[in-house]
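Please look over the model below before reading on.

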Amino acid sequence: MKRICIQPCADCGSEYCPCHLAYSGDCIQCSLIQGSKTCDCIWQGVCIYNEVQHNKNMKCNEKIDVLCDVSKKKELLTDVYLLEIKTPRKLLEQLINPGSYILLRGKNELDSKYNVPISVMDIDLENELLKVIIKEVGHKTKTLLNFDKVWVRGPYLNGVLGLKEFKLTNNSNVAVILSGLSQVNAPKIIKYILKNNNNVEVFVDTRRTILDEVIERIKELNVNIHFINIKEDEDLIKDYIVRNNVELVYSGGFNSFNRETMKLVDSIDENIRFAIANNNLIVCGEGICGGCTVIVNGKRMKSCKAQIDGRDYLKSLK
């Protein structure tokens with residue numbers, strides 16, 4: 001008997017739902033599609049099961065590759081580059097939400113195996129520009145950075161674990177704690193948090209790479225930035241969280257850093273909302289290849305699509 005595993009999906013309710021997984025009987029959100037006799041999902045939008053049943057002979061609405069001009073390439077640090085990519089407005093509007101990412105590859109690379117998942121740093125709708133930061137770490141990124149045009153595929157929306165925490169936090173104090181290259185998506189996340197009338201304080205760990213381009217984007221949002229060592233300044237961060245009754249902490253770092261942050265937050269109050277950068281392996285972005293699969297609380301979950309609780313995910317790591 002097939003095991004039923006309901007996982008909140010970041011793509012649920014978007015124009016790309018139902019997706020390939022729904023039509024193959026593997027929808028992560030819908031228990032009926034998975035083979036259950038009862039509906040156990042908590043989705044309150046358009047019923048995915050009904051959509052699949054009524055549209056069996058139709059192709060699902062796929063994300064497509066768009067060939068876009070690279071209007072600017074700037075080296076920020078050794079092997080770290082800022083790209084500004086002229087991108088269709090419709091796609092940019094879909095990438096505004098926190099946690100969005102794209103798949104990129106060079107214009108001459110037609111095979112999808114060259115796709116590289118890249119976090120979206122910022123969106124400039126007025127000039128129709130997509131802004132990303134890329135570190136050259138292998139053949140895929142090297143070939144990508146050598147072209148004046150790139151294939152852009154998206155939107156992908158699960159670059160953050162804990163998206164619901166952003167939506168639930170209003171008129172509150174929020175701490176954003178950043179480290180390393182995972183700081184790249186922070187400007188867009190902070191913009192989203194500020195839209196909900198929250199106050200944001202940013203802490204940047206000095207033990208890892210600091211990207212001036214990201215820091216300048218954050219400063220433009222008129223939020224306070226503190227440069228700290230999370231080990232040495234743990235009491236300072238705790239004091240800020242307690243004194244300001246912080247309701248949400250976002251940790252944008254690699255997994256070991258996010259675990260440090262989680263332990264710090266939980267030592268104060270385990271009920272403080274908590275979200276983290278999704279650092280897990282992503283290959284196809286569609287939940288098809290299985291490369292993103294993680295085991296959390298004994299359940300196999302597709303981390304490129306499933307909205308996993310950040311605390312549960314970090315506790316599952318060995």
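Ser-303 has a relative accessible area of 0%, so this residue is buried; the cut-off for that term is under 20%. The structure is a predicted model, and the values here are computed from it.

In the chain, Ser-303 belongs to the loop that runs between strand β15 (299–302) and helix α11 (310–316). Leaving aside residues up to four places away in sequence, Ser-303 is in contact with Asn-158, Asn-278, Asn-280, Leu-281, Cys-292, Val-294 and Ile-308. With Cys-292 there is also a polar pair: a polar atom of the Ser-303 side chain lies 2.6 Å from the backbone oxygen of Cys-292.

Next comes the sheet. Six strands form an open sheet with mixed pairing, in the order β8-β13-β12-β9-β10-β11. Its edges are β8 (160–161) and β11 (224–228), each of which pairs on one side only. Within the sheet, β12 (residues 248–252) and β13 (residues 273–277) run parallel and are joined by four bridges. Ser-251 has Ile-276 of β13 as its bridge partner.

Helix α8 (residues 212–219) touches β9 (173–178), β10 (199–205) and β11, and the direction of α8 makes about 145° with that of β11. Helix α9 (residues 234–243) touches β9, β10, β11 and β12. The direction of α9 makes about 170° with that of β10.

Note on methods: Residues are numbered from 1 along each chain as its sequence is written. This is a predicted model: local features need pLDDT of at least 70, side-chain atom pairs count only at pLDDT 80 or more; totals for chains, interfaces and linings use all residues. Side-chain values use heavy atoms; hydrogens and water are left out. Helices (H or I, at least four residues) and strands (E, at least two) are DSSP runs, numbered from the N terminus. Buried means under 20% relative accessible area, exposed over 50%, partly exposed in between (1.4 Å probe, protein chains only). A polar contact is a pair of N or O atoms within 3.5 Å; within protein, one must be able to donate a hydrogen and the other to accept it, and residues adjacent in sequence count only if both atoms are side-chain atoms. Contact means heavy atoms within 4.5 Å. Two strands pair if DSSP finds at least two bridges between them. Axes are lines fitted to C-alpha atoms, for helices over the stretch in contact, and angles run from 0 to 180 degrees between N-to-C directions.
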